[in-house]
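Here are my notes on this model, written for someone reading a structure for the first time. Please keep the sequence and the 3D view open while going through the points.

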Amino acid sequence: MSAETKTLFSGTALGLSGPLRVEILPNGMTARLTQPFRVRTGAGRIIEVPAGFETDFASVPRLFWRVVPPWGRYSPAAVVHDYLYHTGKVSRLAADRLFLELMAALGVPLWKRQFMYWAVRLGGWLAWNASRKREAEHA
């Protein structure tokens with residue numbers, strides 16, 4: 001099965017480096033960035049997610065997909081959030097707050113961004129701890 005390349009988001013909000021370009025992987029649930037993706041935060045910090053990084057976008061339980069599917073207007077925020085969780089470059093709280101900030105800047109409705117923010121605050125520790133464990137095993 002060949003990978004399919006998609007442009008999922010394009011715009012100038014947040015000082016984006018350009019469109020979010022990914023290839024959908026054969027499992028149909030994850031994607032790999034085909035070029036680096038950069039955002040500038042409200043505080044002026046530049047975060048670059050490298051080409052080759054794999055993401056599942058928003059890790060939403062299937063039960064909630066009708067309300068909040070894994071991808072949407074918030075996809076760039078979800079990719080940056082996944083990257084920050086994977087690398088541990090900032091604290092979990094800082095990653096979650098940046099997720100909220102980016103969703104607001106992308107125009108995600110207030111109710112949806114609050115729902116998604118509190119979902120990662122309540123359940124994100126599982127992914128965070130798994131990443132820290134992998135990090136320790138490879139140190």
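1. Of the 13 residues of H1, 11 are buried, so this helix is largely enclosed by the rest of the structure; buried means under 20% relative accessible area, exposed over 50% and partly exposed in between, with a 1.4 Å probe and protein chains only. The buried residues of H1 include Ser75, Pro76, His81, Asp82 and Tyr85. Helices (H or I, at least four residues) and strands (E, at least two) are DSSP runs, numbered from the N terminus.

2. A word on the source: this is a predicted model, in which local features need pLDDT of at least 70 and side-chain atom pairs count only at pLDDT 80 or more, while totals for chains, interfaces and linings use all residues. Residues are numbered from 1 along each chain as its sequence is written, and side-chain values use heavy atoms, with hydrogens and water left out.

3. The protein chain has 4 helices and 6 strands, and along the sequence they follow the pattern β-β-β-β-β-β-α-α-α-α. Buried residues make up 39% of its 139 residues.

4. The end C-alpha atoms of H1 are 18 Å apart, which agrees with the 18 Å that its 13 residues should span at 1.5 Å a residue; the expected span is 1.5 Å times one less than the number of residues. Just after H1, Gly88 takes a positive phi of about 70°.

5. Which residues does Arg132 contact, leaving aside its neighbours within four places in sequence? They are Tyr85, His86, Thr87 and Gly88, where contact means heavy atoms within 4.5 Å. Arg132 itself belongs to helix H4, and a polar atom of its side chain lies 3.0 Å from the backbone oxygen of Tyr85.

6. In H3, the residues Lys112, Arg113, Met116, Tyr117 and Val120 are buried. They cover an arc of only 130° around the axis, which puts them on the same side of H3; the arc is that of the directions from the helix axis to the C-beta atoms. Leu110 and Leu122, on the other side of H3, are exposed. The cover over the buried residues of H3 includes helices H1 (75-87), H2 (92-105) and H4 (125-137).

7. H2 and H3 pack at an angle of about 170°, with their axes 10 Å apart. That makes H2 roughly antiparallel to H3, a term for angles over 145 degrees. Among the residues making this contact are Leu93, Phe99 and Met103 of H2 and Met116, Tyr117 and Val120 of H3.

Technical notes:
A polar contact is a pair of N or O atoms within 3.5 Å; within protein, one must be able to donate a hydrogen and the other to accept it, and residues adjacent in sequence count only if both atoms are side-chain atoms. Axes are lines fitted to C-alpha atoms, for helices over the stretch in contact, and angles run from 0 to 180 degrees between N-to-C directions. Angles under 35 degrees count as roughly parallel, over 145 as roughly antiparallel, 65 to 115 as roughly perpendicular and the rest as oblique.
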